[in-house]
Amino acid sequence: VNRRVSEQMQMENQLRQAMARDELRLVYQPQVDLGSGQLVSCEALLRWHNPQLGEVSPAVFIPVAEEAGLIEQVGAWVLHEACRQAREWLDAGLPPLRIAVNVSARQFSHCDLPAMTEQALQHFHLPAACLELELTESVLAEDYQQLQDTLQNLKALGIHLTMDDFGTGFSSL
């Protein structure tokens, strides 16, 4: 047990340092319309390359970020970076492309997600149609009134909202 706690603390410290040293990056998974073959959107996927550990799996570091209370900071960085990239692609003359960004349940309930999203869109002069937030089904377990208010405020911004991995968590058959 002590070893596991020590490893957890070490990973948390390395993740804090990773954020300070810009070791995090986004990669973009294309989403293609099978009928037309057109690229319609992409999903921003968070990656971490640690100088000592190499590539650290999101399955390893995301739970650490959530437990350590870092997921809000990481999530804000991801949202900002995805919007920056979308703006860069638009400025390069590419057609508008929707970028999907995952939002954790903790980020959804502990941050002012609508304000953070609006600020990122305004900062990069990005049309709301270029952004999609992917929510996990665990957000449904949150306070209903807060859930409804947040979803309505996000929808009012004009962004797309989707449920990610629905049926794999507490609603799994």
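Glu12 sits in helix H1, helices here being DSSP runs of H or I with at least four residues, strands being E runs of at least two, both numbered from the N terminus. At 16% relative accessibility, Glu12 is buried; the cut-offs are under 20% relative accessible area for buried, over 50% for exposed, and partly exposed in between, with a 1.4 Å probe and protein chains only. Skipping its neighbours within four places in sequence, Glu12 is in contact with Val64, Ala68 and Leu70, where contact means heavy atoms within 4.5 Å.

A quick word on what you're looking at: this is a predicted model, where local features need pLDDT of at least 70 and side-chain atom pairs count only at pLDDT 80 or more, while totals for chains, interfaces and linings use all residues. Residues are numbered from 1 along each chain as its sequence is written, and side-chain values use heavy atoms, with hydrogens and water left out.

**Helix H1**

Back to the helix itself. H1 has 19 residues and spans 27 Å from its first C-alpha to its last, close to the 27 Å expected at 1.5 Å a residue; that expected span is 1.5 Å times one less than the number of residues. After H1 comes Asp22, with a positive phi near 55°.

Val1, Val5 and Met9 make a nonpolar surface patch of about 310 Å². Patches are built from residues with over 30% relative accessible area and no salt bridge, joining like charges within 9 Å and nonpolar side chains (Val, Leu, Ile, Met, Phe, Trp, Tyr) within 5 Å. The areas come from the Shrake-Rupley method with a 1.4 Å probe, and for residues only the protein chains shown count as cover. Val5 lies in H1 and is partly exposed at 45% relative accessibility.

**Salt bridges**

How many salt bridges does a search of the whole structure find? The search turns up nine, each being a side-chain nitrogen of Lys or Arg within 4 Å of a carboxyl oxygen of Asp or Glu. Here are some of them, with N to O distances:

| Pair | N to O distance |
|---|---|
| Arg3 and Glu7 | 3.1 Å |
| Arg21 and Glu23 | 2.7 Å |
| Arg25 and Glu55 | 3.5 Å |

Arg3 and Glu7 both belong to H1 (residues 2-20), four residues apart, or about one turn of the helix. Arg3 is exposed, with a relative accessible area of 65%, whereas Glu7 is partly exposed at 41%.

Arg25 is partly exposed at 35% relative accessibility, and Glu55 is partly exposed at 47%. Elsewhere, salt bridges with shared partners link Glu81, Arg84 and Glu88 into one network.

In soluble globular proteins, nonpolar side chains tend to be buried together. In this model the largest nonpolar core has 45 residues, and those with the most contacts inside it are Trp48, Cys83, Val101, Phe108, Leu126, Leu131 and Leu133. H3 supplies the largest share of this core, eight residues. By definition, a nonpolar core is a set of buried Ala, Val, Leu, Ile, Met, Phe, Trp, Tyr and Cys residues joined through side-chain atoms within 4.5 Å. Neighbours within four places in sequence aside, Leu133 is in contact with a list of residues including Leu79, Val101, Leu113, Leu154 and Ile159.

Ser104 lies in the loop between strand E4 (98-103) and helix H4 (105-110). Is Ser104 buried or exposed? Ser104 is buried, with a relative accessible area of 10%. Leaving out neighbours within four places in sequence, Ser104 is in contact with Glu66 and Ile71.

Gln119, in helix H5 (residues 113-123), is exposed, with a relative accessible area of 57%. Gln119 and Ser104 are 15 residues apart in sequence and 19 Å apart in space, C-alpha to C-alpha.
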